[in-house]
Amino acid sequence: QKQQALQRREVVISEAKRLVIRELELHTFGREIPESVIRFLNTVWGPLLAKRLLINGVNHPQWKNAVGLMQQLLDHLDARPYGDPPSIAWPDLLDSLRHELTVAGLSAAQISAAMTPLEAAHRPPQE
């Protein structure tokens with residue numbers, strides 16, 4: 001029974017990871033997203049999504065909020081013409097992402113390291 005329970009657990013975790021990967025691919029397909037942001041999504045935001053999915057399911061507000069924030073992030077990066085300054089909403093979006101990472105249990109140092117590529121991806125190019 002213990003072995004069957006472990007196998008079921010592994011199947012559920014694998015299915016959650018597969019669903020998160022599908023969600024990431026769905027939202028990034030056809031967009032020009034900086035590699036650093038893709039790394040953030042795969043190594044930071046993806047695990048957050050998987051954790052929320054496993055704990056709460058797809059109908060829970062925390063899951064929906066995390067997917068919505070990811071969509072906003074990608075929309076901001078995709079819609080901004082090269083060289084334009086960040087939109088007024090950008091700092092608020094970064095604060096929301098930081099908050100979600102804090103709620104997920106990341107330390108301040110981990111959050112800072114995770115957010116650095118996002119901040120750099122939206123910085124206007126230097127003259």
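**Figure 1. The largest nonpolar core of the predicted model**. This core comprises 32 residues, of which Phe-40, Leu-41, Trp-45, Leu-49, Leu-73, Leu-97 and Leu-101 touch the most other members. At least two core residues come from each of α1 (2-28), α2, α3 (61-79), α4 and α5. The greatest contribution is that of α2, which supplies nine residues. In soluble globular proteins, nonpolar side chains tend to be buried together.

**Figure 2. Surroundings of Leu-97, one of the core residues that touch the most other members**. Neighbours within four places in sequence are set aside in this view; beyond them, Leu-97 is in contact with Trp-45, Leu-69, Leu-73, Met-115 and Leu-118. Two of these partners, Trp-45 and Leu-73, are named with Leu-97 among the core residues touching the most other members. Leu-97 also belongs to the set of α4 residues that meet α5.

**Figure 3. Packing of helix α4 (residues 90-103) against helix α5 (residues 108-121)**. The two helices pack at an angle of about 155°, and their axes lie 11 Å apart. Because this angle is over 145 degrees, α4 is roughly antiparallel to α5. The crossing of α4 and α5 is right-handed. On the α4 side, the contact is formed by Trp-90, Leu-94, Leu-97, Arg-98, Leu-101 and Thr-102. These residues meet Ile-111, Ala-114, Met-115, Leu-118 and Glu-119 of α5. Sorted by class, the contact of α4 with α5 contains eight nonpolar, one polar and two charged residues.

**Figure 4. Arg-52, a buried residue of helix α2**. Helix α2 spans residues 35-56 and includes Arg-52. Arg-52 counts as buried because its relative accessibility is 5%, and the cut-off for burial is under 20%. When residues up to four places away in sequence are not counted, Arg-52 touches Gly-57, Gln-62, Trp-63, Ala-66, Glu-100 and Val-103.

Figure 5. The chain has 127 residues, of which 33% count as buried. Among contacts in the chain with a separation of 6 or more, 68% are accounted for by residues 24 or more positions apart.

Key
Residues numbered from 1 in each chain as written. Predicted model: local features only at pLDDT ≥ 70, side-chain atom pairs only at ≥ 80, totals over all residues. Heavy atoms only, no water. Axes fitted to C-alpha atoms, helices over the stretch in contact; angles between N-to-C directions. Helix = DSSP H or I, 4+ residues; strand = E, 2+ residues; numbered from the N terminus. Parallel < 35°, antiparallel > 145°, perpendicular 65-115°, else oblique. Left-handed = near helix turned anticlockwise from the far one by under 90°. Contact = heavy atoms within 4.5 Å. Nonpolar A, V, L, I, M, F, W, Y, C, P; charged D, E, K, R; others polar. Buried < 20%, exposed > 50% of the residue type's maximum accessible area, 1.4 Å probe, protein only. Core = buried A, V, L, I, M, F, W, Y, C linked by side-chain atoms within 4.5 Å.
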